[in-house]
Amino acid sequence: MSDATTELRRCVDVVLGAQWGDEGKGKLIDSLAGKYTYVARCAGGNNAGHTIVTPTGTKLDFHLLPSGLAHEGVLNVVGNGCVIHLKSLLIELEKCLKWGIPDAESRMIISNRAQIVFDYHQAIDRIQEERKGKAKIGTTLKGIGPCYSTKADRSGVRMCDLVSKDFSHFAAKFKNAVKSAQGKYPELEVDVESELAEYEKLATRFRPMVQDTITLLSNAITKQNETVLVEGANATMLDIDFGTYPYVTSSNCSVGGACTGLGLPPAFLGNIYGVTKAYATRVGTGPFPSEQGPHDGCGSAISKPEMDITNASTPDQVGEWLQRKGFEYGTTTKRARRCGWVDLVALRYAHRINHFTAFAMTKLDVMDGLPKVALCNSYTLNGEKIDYFPADVNELEECTADFTYFEGWTEDTTKCQSFEELPENAQKFVLECEKRLGVPIRWVGIGPGRDAMITRF
C-alpha cells in the first residue's frame, strides 16, 4: 500500500450517536473540531439538536448548523444526505450573530443535492401523527419523514433547483410537489403563490452558500490534504434500517450515512467515534429495555417534581434523578426524555454496525450521589438470556433488561482533571463498561463545558 493511500484512509473521522440520540455528540465534536478543516453534517435536519457550551459560558444550540461553527476558521458543510428547512436555518444563522459568530454564513457550505423541507412537509407530519392516534411515532413534527418520503418517491425539490438561474424551474417543481402531496392529503392547504414569492427571496440569500460539495470535499481531501470531521445526527438506534423500527428517524444515521450523505468513499474514513451517555435516554415512543420510570405513551417521561430522590433506589426515583440532574429535556422538542441505565446490549449492537474506534462516555457527573449505579449486559426473552438486539420490536418489548449493580459514589466528579482523579467507584464503573463492550472509552464527560471532558489516552 502506498503512503498516499494510507494518508487517504485517515483524513475523515466520524462522530456518531450510539444510543437513541442526545448523547452529547456536540460536546465531543466541539472538543475535536479545531483540529479539522471541515466539519460536515451527513444526515437529518432540524430534528437534531447539538448543544455546546463555550469557554465563556455561551450556550449554543445547533440544529441544522454543523457544530464546527463554534471554532474560528473551521469550514462547515451541510451534505446531500441532509434535509433543510430554510426558514429554520435562517433563524439559526441569525442566532450566530448574538452568539458572537459573525462569519457563520461565510463558513457555511450547503450541498446543491440536499433536499428542501417545506412548511407543507411539517403539516403532513402533524396529519400523519394525528391519523396514527395512540400508535403515533412521537416525531419532532419538523417534516423530516415526509421530506425523505418525497425524496424516495422522486417528487422532492433540491437546493440546486432553488438556486438555478431560471426560477421558473423551481416553481414548476414546487407546484408539482404540492399537487402530489395534496393528492395524498386532501386536507392540506398551501398558498402556492405566497410560498413561491418567499422562496424567490430565499434563493438570493442562499445562492452564495450552495456548492457541489462532492467535488469540494473530494478535492480538499485528495488534492489539498485537508481533513474532515463528520458530524452524525440522531443515532444508531434511530437509524431507518438498524434502529427500533418503526420508532426511528427517516435517514441512515449510522456509519454508512457518512459516505452516502456526503459522497465520501469508504476508503477515506479513518476513526469512527461512538458517543454514549453513562446512562441511557430516548425521546419518542418505542421500546427502551433499560428504562427507569414511567412515560406518557407519547414519547415523554412522566416527571414528578414532588418526588423525593435523595436516596434514589426505585426505578421511578432513578429515572427522576437522571432526568432532573441531567436536565434531560430535548434540545429540539423540549420534551422530557425517558431515562434508564446504560444498555450495553444496544451499544454492542451499534458497534457491530459502525465498528467504533473508541467511545466517548458523557454525563458521568449526573450519577454523582446515586447510592447504586447499574448497567444492562443482557436481556431475558421468554425465560432465556440473550445478548443480541432483536429486530422485531414486539420481541424487544417483551425483553427484560438484566442489570448488574455497582456501588455509587458521593464525590463531585466535575472538578476532576484526569481519569485517575475520579472516585474509585466511578473509575470501576467506566472500566467495567469498557471491558464488557470490548471497545476503549477514550473520553469521559463530567460536565457541559468544553473543558469538562477527560481524555484518557
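Between which strand and which helix is the loop that holds Pro246 found? Pro246 sits in the loop that runs between strand S10 (228-231) and helix H10 (255-260). The peptide bond joining Tyr245 to Pro246 is cis, with omega at about 10°. Most peptide bonds are trans, and most residues other than glycine have a negative phi.

**Confidence in the model**

The structure described here is a predicted model. Mean pLDDT for the chain is 93, and 97% of the residues reach 70 or more. Over residues 1-9, pLDDT stays under 50. For residues 1-9 the model has 10 contacts beyond four places in sequence. Where pLDDT is low, the predicted coordinates should not be read in detail.

**Residues with a positive phi**

Leu141 is not a glycine, yet its phi is positive, at about 65°. Leu141 is placed in the loop between helix H4 (119-132) and helix H5 (144-152). With a relative accessibility of 33%, Leu141 counts as partly exposed.

Phe327 also has a positive phi without being a glycine, and the value is about 45°. The loop that contains Phe327 lies between H11 and strand S13 (338-343). Is Phe327 buried or exposed? Phe327 counts as exposed, because its relative accessibility is 55% and the cut-off for exposed is over 50%.

**Two helix pairs**

Two packed helices are described by the angle between their axes and the distance between the axes. The table gives these values for two pairs.

| Helix pair | Angle | Axis distance |
|---|---|---|
| H3 (residues 86-98) and H8 (residues 192-206) | about 45° | 11 Å apart |
| H12 (residues 344-354) and H14 (residues 424-437) | roughly 50° | within 10 Å |

H3 and H8 pack at an angle of about 45°, which makes H3 oblique to H8. The crossing of this pair is left-handed. On the H3 side, the residues in contact are Leu86, Lys87, Leu89 and Leu90. On the H8 side they are Glu195, Glu198, Tyr199, Leu202, Arg205 and Phe206. Sorted by class, the contact of H3 with H8 holds six nonpolar residues, four charged residues and no polar ones.

The axes of H12 and H14 cross at roughly 50°, and H12 is therefore oblique to H14. H12 passes H14 in a right-handed crossing. Which residues make this contact? H12 contributes Leu344, Leu347 and Arg348, while H14 contributes Cys433, Arg436 and Leu437. By class, four residues in the contact of H12 with H14 are nonpolar, two are charged and none is polar.

**Buried residues and their contacts**

Glu195 belongs to helix H8 and is among the residues that meet H3. Its relative accessible area is 12%, so Glu195 is buried. Leaving out residues up to four places away in sequence, Glu195 touches Lys87, Asp119, Phe174 and Val190. Lys87 is one of the H3 residues in the contact with H8.

Gly319 lies in helix H11 (residues 315-325). Gly319 is buried, with a relative accessible area of 8%. Which residues is Gly319 in contact with, leaving aside its neighbours within four places in sequence? They are Gln292 and Cys339. Gly319 and Ala346 are 27 residues apart along the chain, and 19 Å separates their C-alpha atoms.

Met453 is in strand S19 (residues 453-455) and counts as buried at 12% relative accessibility. Not counting residues up to four places away in sequence, Met453 touches Lys27, Leu28, Trp443, Val444 and Gly445. Trp443 is 10 residues from Met453 along the chain, and the C-alpha atoms of the two are separated by 6.4 Å.

Where is Thr413 placed? Thr413 is in the loop between strand S17 (400-407) and H14. Although Thr413 is in a loop, it counts as buried, at 0% relative accessibility. Beyond residues up to four places away in sequence, Thr413 touches Asp365, Asp368, Leu422, Pro423 and Ile446.

Notes: Residues are numbered from 1 along each chain as its sequence is written. This is a predicted model: local features need pLDDT of at least 70, side-chain atom pairs count only at pLDDT 80 or more; totals for chains, interfaces and linings use all residues. Side-chain values use heavy atoms; hydrogens and water are left out. Axes are lines fitted to C-alpha atoms, for helices over the stretch in contact, and angles run from 0 to 180 degrees between N-to-C directions. Helices (H or I, at least four residues) and strands (E, at least two) are DSSP runs, numbered from the N terminus. Angles under 35 degrees count as roughly parallel, over 145 as roughly antiparallel, 65 to 115 as roughly perpendicular and the rest as oblique. A crossing is left-handed if the near helix is turned anticlockwise from the far one by less than a right angle, and right-handed if clockwise. Contact means heavy atoms within 4.5 Å. Ala, Val, Leu, Ile, Met, Phe, Trp, Tyr, Cys and Pro count as nonpolar, Asp, Glu, Lys and Arg as charged, and the others, Gly among them, as polar. pLDDT is the predictor's confidence in each residue, from 0 to 100. Buried means under 20% relative accessible area, exposed over 50%, partly exposed in between (1.4 Å probe, protein chains only).
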